[in-house]
Amino acid sequence: MPSAEETSVQQHEERSVVRPTHQDEVAAAGSELIGGRSGRWTRLGSTALTPVGAIALVALGMFALGMVQKLPCYNWAWFRGAGSQYTHACYSDIPHLFAARGFSDGLVPYFDRLPGDMQFLEYPVLTGVFMQVAAWLTPGGSIQHQEQMYWMVNAGMLMICAVIIAVCVARTHRRRPWDGLLVALAPAFALTATINWDLLAVALTAAAMLMWSRGRALAFGILIGLATAAKLYPVFLLGPVFILCWRAGKWREFGMATLGAAVSWLVVNLPVMAFAPEGWKKFYTFSEERGIDFGSFWLIITQRTGESIEVSTVNTVSTLTTVLLCAAIGALTLMAPRRPRFAQLAFLVVAAFILVNKVYSPQYVLWLIPLAALARPRWRDFLIWQACEVMYFLGIWMYLAYTTSGDKHQGLPTEGYQLAIALHLLGTLYLCAVVVRDILKPERDVVRRDGSDDPSGGVLDGAPDVFVLGRAAHPARHAHPAVEGPRVEWGAARGPVAD
């Protein structure tokens with residue numbers, strides 16, 4: 001029988017937690033499938049399954065469903081021509097690169113030169129390490145069996161990353177653990193999780209955001225540096241940290257984060273930079289030299305006009321546009337009536353990079369899913385965006401099926417694929433628009449309705465402003481921070497624990 005103190009703690013948790021079925025119409029409607037929204041007698045922590053534990057199990061289940069979706073390719077379509085893996089929408093880079101990047105021959109990434117046009121592995125160093133570890137764990141046999149097992153080993157490792165992402169998102173906003181279900185149940189997450197190795201960088205980024213929400217700036221920086229050593233996009237999160245710390249006067253924390261990121265990135269990259277410089281720089285030269293590719297608005301322009309665009313021109317315009325968009329986000333941060341939340345800015349800067357980039361691979365949606373769940377935890381908006389991304393996922397494979405079917409013309413023609421790209425762009429722009437609206441009208445921000453300021457902000461949470469511009473200098477009455485209620489550490493079955 002629980003003591004009076006344990007009962008008090010449990011009742012405190014029940015009052016503090018934000019229940020989506022009581023605040024979100026879509027969540028309330030969806031809950032009818034499992035008996036309806038939580039009632040007044042629902043008791044959290046009454047079983048061993050906590051909110052975070054439930055979200056981890058859901059993430060595992062959805063990831064497994066994503067693996068099942070790849071079964072036609074695993075069994076035969078990867079090995080019997082290009083068309084079948086596209087018509088079944090189950091393509092993955094992983095089995096194909098096992099042989100194409102020398103892992104089947106025991107070549108060492110970055111150090112050993114590859115036969116063919118791609119002379120070295122074109123991935124960042126930490127991703128290359130991940131790929132190599134999976135190759136070491138892959139058993140022998142025929143090349144087809146090895147490719148199957150290589151995908152399976154990678155899928156197991158990526159499944160761990162998926163659970164880490166869901167758990168970190170659930171724990172970042174302490175009073176909103178159920179927002180992690182947005183990640184765990186995201187259809188695009190399950191469909192794209194095993195296409196490539198992006199989940200490694202996404203997991204490190206999600207862990208970094210959790211550390212920042214706990215006020216651990218150095219740990220945040222170290223994890224961002226490691227994530228950048230696996231994929232380029234996480235480094236963009238230092239931009240929001242800079243502008244938010246500027247507005248709040250938290251320069252020490254920004255310095256610690258930047259130092260941690262630089263040191264951890266160098267620790268991973270320096271050995272390869274020193275002993276295999278040609279292999280190390282391949283990722284950067286490949287990114288620079290790569291032409292206009294799938295999923296970008298640049299591809300729509302070239303296909304519609306029939307005119308090619310120089311790669312150097314695309315690189316310059318994309319870079320300048322990204323810088324201008326980031327500058328606009330910075331100005332928005334300093335002029336907003338209330339300091340934006342870190343997750344909102346993190347989502348906007350990564351989305352800006354994706355929108356103007358010269359390529360959008362279908363797995364890039366994984367970069368945005370955890371950030372979207374924290375920036376705008378509203379099921380309606382999230383599902384609208386996810387529907388657009390699922391349509392793009394289907395569109396690119398059907399388009400590739402069309403281009404590889406010869407005279408049969410089976411699949412989605414060019415005009416249909418352009419529509420799929422437009423849907424992806426419009427869906428992302430829509431989510432950006434509602435996030436910007438929340439920044440300009442903070443009373444519309446669902447995260448702040450319970451009295452919170454910035455649950456993912458760490459040292460920024462509740463901190464006063466020291467530098468603002470424009471309308472922020474004379475904020476409207478609704479823009480003043482509300483008094484924050486009690487906060488709870490989620491992930492333990494009984495009571496809060498120390499950070």
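Start by selecting alanine 89, which sits in the loop between α6 and α7. You are looking at a predicted model, so treat each stop as a feature of that prediction. Check the backbone here: alanine 89 has a positive phi of about 50°, although it is not a glycine. Is alanine 89 buried or exposed? With a relative accessible area of 7%, alanine 89 is buried.

**Next stop: the disulfide**

Now select cysteine 90 together with cysteine 73. A disulfide joins the two, with an S to S distance of 2.0 Å, and the structure holds one disulfide. Turn the view to look along the bond: with 75° about S-S, the link of cysteine 73 and cysteine 90 is right-handed. What does this link tie together? Cysteine 73 belongs to helix α5 (residues 71-75), while cysteine 90 is in the loop between α6 (82-87) and α7 (93-100), so the pair connects parts that are 17 residues apart in sequence. Cysteine 73 and cysteine 90 are both buried.

**Along to tyrosine 110**

Select tyrosine 110 in the loop between α7 and α8 (125-137). Here is another backbone to inspect: phi of tyrosine 110 is near 75°, a positive value in a residue other than glycine. Tyrosine 110 counts as buried, because its relative accessibility is 4% and the cut-off for buried is under 20%.

**A pair of helices**

Color helix α9 (residues 143-172) and helix α21 (residues 365-375). To see where they meet, show side chains for Ile165, Val169 and Thr172 in α9, and for Pro370, Ala373 and Leu374 in α21. By class, this contact of α9 with α21 has five nonpolar residues, one polar and no charged ones.

**Into helix α23**

Move on to histidine 424, which lies in helix α23 (residues 414-440). Histidine 424 is buried, with a relative accessible area of 1%. Which residues does histidine 424 touch, leaving aside those up to four places away in sequence? Select Gly295, Ile354, Tyr360, Cys388, Glu389 and Tyr392 to see these contacts of histidine 424.

Finish with cysteine 245 and cysteine 432. Cysteine 245 is buried, at a relative accessible area of 0%. Cysteine 432 is also buried, with a relative accessible area of 10%.

Note on methods. Residues numbered from 1 in each chain as written. Predicted model: local features only at pLDDT ≥ 70, side-chain atom pairs only at ≥ 80, totals over all residues. Heavy atoms only, no water. Contact = heavy atoms within 4.5 Å. Helix = DSSP H or I, 4+ residues; strand = E, 2+ residues; numbered from the N terminus. Nonpolar A, V, L, I, M, F, W, Y, C, P; charged D, E, K, R; others polar. Disulfide = S-S within 2.5 Å. Buried < 20%, exposed > 50% of the residue type's maximum accessible area, 1.4 Å probe, protein only.
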